[in-house]
Amino acid sequence: MATLFDGISQQLDFSSCGEEGNSSENSSDDCSPRIQSPSSACRTPRVQHQSSRSNIISSPLQCTSPIPYAVWSKLRLCDSPSTPKSLLSKSSHPCSTSKINHNRRTLRLTSAAANLIQAPSVNVNPFTPDTVRRNSQEQWRNSCRSDEDDDYGRRLKHSLSSSEEDDEAFLPPKRRAVQAFMLSRYESEFLELECIGVGEFGAVYKCVKRLDGCLYAIKRSRRPLAGSANEQLALKEVYAHAVLGHHPHVVRYYSAWAEDDHMIIQNEYCDGGSLSDAIVKKQLQCELFSGAELKDLLLQVSMGLKYIHSSGLVHLDIKPSNIFICQRPSTTAAVEGESEEEDDGSTSAGVVYKIGDLGHVTSTSSPQVEEGDSRFLASEVLHEDYSHLPKADIFALGLTVLLAAGAPPLPQNGEEWHSLREGKLPKLPQELSPPLRDLLQLLLDPDPLKRPSARELCKHTVLREERTGRLAAQLRRELNVEKFRTAMLEKELQEARQAALSPKQNLSLGLKPPAKMGSLPRTGRRLVGRKTARSMSFGCPGYGV
Ligand SMILES: Nc1ncnc2c1ncn2[C@@H]1O[C@H](COP(=O)(O)OP(=O)(O)OP(=O)(O)O)[C@@H](O)[C@H]1O
Ligand SMILES: [Mg+2]
């Protein structure tokens with residue numbers, strides 16, 4: 001088995017993706033202005049052998065237990081008693097009907113055969129907001145065009161011809177024929193639109209799911225996983241997502257599976273990119289996050305952390321490139337799932353921050369610490385004191401907010417690194433309000449016990465005052481509307497009383513009886529045809545009949 005993987009890994013060439021040697025040194029969390037075109041920087045690492053190894057991973061009860069090699073092996077479909085057989089039998093069907101013989105030449109795809117393996121087209125979800133659909137349409141068209149241009153067939157042809165020798169060495173001809181006509185789950189279920197990011201662990205692609213027509217972020221491990229440290233990280237990420245469930249400030253997880261010895265994770269697509277991207281963008285525009293925006297960021301991420309910590313887990317890799325942004329339409333009400341205590345739904349900036357990249361998550365009770373980015377590492381964790389791990393996340397959050405406030409790139413080690421851990425804040429290009437500055441100072445306190453917990457941050461007056469002010473303004477507006485409505489009702493009531501006193505007089509004058517009390521139209525309430533659907537059948541100009 002090991003030899004087979006060696007063979008396969010040699011064929012999976014990611015060197016053109018700009019991913020090799022992507023250490024934290026050149027990671028985007030430096031937030032130094034640099035423009036990177038992800039699509040040019042990373043060409044899609046296509047799976048060259050579309051093997052039957054594809055499986056959904058179930059989360060174990062103990063999410064941070066060590067994962068032995070044997071567990072990973074079980075994830076492979078070839079070894080699984082159920083899925084592989086069904087997949088293989090499905091995939092072998094077109095092979096047997098098209099009578100592919102095992103001669104090397106006939107393995108090359110004819111256009112007819114390429115049609116057989118054509119991936120299904122993409123459904124359009126009628127519930128997708130128009131803006132999302134419009135933005136994606138162009139990308140879909142481009143992707144479809146390249147598919148139509150036989151790009152996919154060409155890729156498969158190439159993969160088949162370039163890997164023939166390896167196939168010869170490792171696979172019996174019959175299986176090779178079956179594999180040639182297998183579509184990976186990734187290819188058959190998703191249409192890849194673009195590469196949106198490359199991290200230490202994997203590359204992330206913006207994809208549309210063919211079935212539901214919605215956008216997803218699909219993360220694919222860069223290197224084959226078997227037996228590697230990445231295997232642990234990949235599984236940790238999946239376990240953590242599965243255990244955590246849904247929270248508005250944690251990137252939502254949909255599914256994960258192993259494919260060709262690579263882990264694939266399907267997550268919610270965050271249309272605003274990462275906080276790191278947002279910081280770079282601001283720098284390029286010579287702008288800074290305002291005090292209110294910084295407080296909003298701090299509060300929202302604290303809410304996500306509060307949820308993670310209350311589940312007995314810690315993130316251990318909080319940094320700008322692991323915080324994602326979703327643009328929230330201004331009309332949207334409270335974020336689903338947030339309690340009133342936490343969020344009144346009046347987020348000023350119209351963005352929702354979400355914690356993502358759960359590859360370093362571990363449990364607080366039996367921690368297995370895989371240190372994250374050293375620039376954000378709390379001193380106590382470096383010294384292997386794991387007794388206050390949630391406070392390490394708070395420390396990293398403090399540095400993250402400082403970067404958003406315009407702090408220079410963080411040191412990886414050396415004197416400056418230590419000085420930050422002694423509570424010396426870096427110089428900022430803007431003057432923060434004293435309460436916010438003091439709060440950030442507290443987040444970076446060398447003593448983890450002095451740092452506030454995520455729960456405390458969620459209730460902190462410095463962070464909540466913005467929201468409280470906005471909430472008060474909103475309540476004032478609503479109160480004015482209600483006052484106006486009451487005044488109208490009182491007027492109506494007065495008219496009704498008058499009419500009741502002299503009904504005969506009204507009749508003799510030919511006046512209509514007054515409207516019933518309380519008949520004042522309320523917002524969004526229809527008085528006529530309430531039970532029927534709205535229609536425009538009056539031939540009004542401007543409306544199609
Ligand atoms: N859900 C998402 N929505 C939008 N963009 C995303 C999403 N997930 C990841 N990205 C983009 O991909 C980049 C890398 O993602 P991620 O942090 O999950 O990978 P990683 O390999 O674990 O990174 P690292 O270990 O360097 O932190 C992010 O910085 C971001 O630009
Ligand atoms: Mg990351």
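Predicted model: local features only at pLDDT ≥ 70, side-chain atom pairs only at ≥ 80, totals over all residues.

Student: Where does Val 198 lie?
Tutor: Val 198 is part of strand S2, which covers residues 190-198. Strands (E, at least two residues) and helices (H or I, at least four) are DSSP runs numbered from the N terminus.

Student: OK, back to Val 198: buried or exposed?
Tutor: Buried, because Val 198 has 21 C-beta neighbours inside 10 Å. The rule is that a residue is buried if 20 or more other C-beta atoms lie within 10 Å of its own, exposed if 12 or fewer, and partly exposed in between, with C-beta atoms placed from the backbone.

Student: Which residues does UniProt list as "binding site" along with Val 198?
Tutor: In an unreviewed entry, UniProt gives that label to Ile 196, Gly 197, Val 198, Gly 199, Glu 200, Phe 201, Gly 202, Ala 203, Val 204 and Lys 219. They are spread over 24 residues of sequence but cluster in space, with a largest C-alpha distance of 14.0 Å. Keep in mind that UniProt positions use the numbering here, feature names are shortened, and annotations may be inferred rather than shown by experiment.

Student: And where's Ala 203?
Tutor: In strand S3, residues 202-209. Ala 203 is buried too, with 25 other C-beta atoms within 10 Å.

Student: Now the ligand. Which residues come nearest to ligand 1?
Tutor: Gly 197, Gly 199, Glu 200, Phe 201 and Ala 217, out of 23 residues around it. A residue counts as near a molecule or strand if its C-beta atom, placed from the backbone, lies within 6 Å of it. Strands S2, S3, S4 (215-221) and S6 (262-268) each give two or more residues to that shell.

Student: You mentioned S6. How many of its residues are buried?
Tutor: Six of its seven, so S6 is mostly covered.

Student: What does S6 pair with?
Tutor: S4 joins S6 through five bridges, running antiparallel, and Arg 220 has Ile 264 in S6 as its bridge partner. Strand S5 (residues 253-259) is also antiparallel to S6, with six bridges, and there Ala 258 is partnered with Met 263. Two strands pair if DSSP finds at least two bridges between them.

Student: What's between S5 and S6?
Tutor: Two residues, in a hairpin where Asp 260 takes a positive phi near 50 degrees.

Student: New topic. Where does UniProt place the "active site"?
Tutor: At Asp 317, again from an unreviewed entry. Asp 317 is in the loop between strand S7 (313-314) and strand S8 (323-327). Asp 317 is buried, with 24 other C-beta atoms within 10 Å.

Student: What does Asp 317 touch?
Tutor: Skipping residues up to four places away in sequence, Asp 317 touches Asn 322, Asp 357, Gly 359, His 360, Gly 372 and Asp 373. Contact means that the two C-beta atoms, placed from the backbone, lie within 7 Å.

Student: What does UniProt say about Asn 322 and Asp 357?
Tutor: The unreviewed entry marks both as "binding site". They span 36 residues in sequence, yet no two of their C-alpha atoms are more than 5.7 Å apart, so they gather at one spot.

Student: Where do those two lie?
Tutor: Asn 322 is in the loop between S7 and S8, and Asp 357 is in the loop between strand S9 (351-355) and strand S10 (362-363). Asn 322 is buried with 26 C-beta neighbours inside 10 Å, and Asp 357 is buried with 27.

Student: Last one: how many helices and strands are in the protein chain?
Tutor: 21 helices and 10 strands. Of its 545 residues, 34% count as buried.

Notes: Residues numbered from 1 in each chain as written. Chains lettered and ligands numbered in written order.
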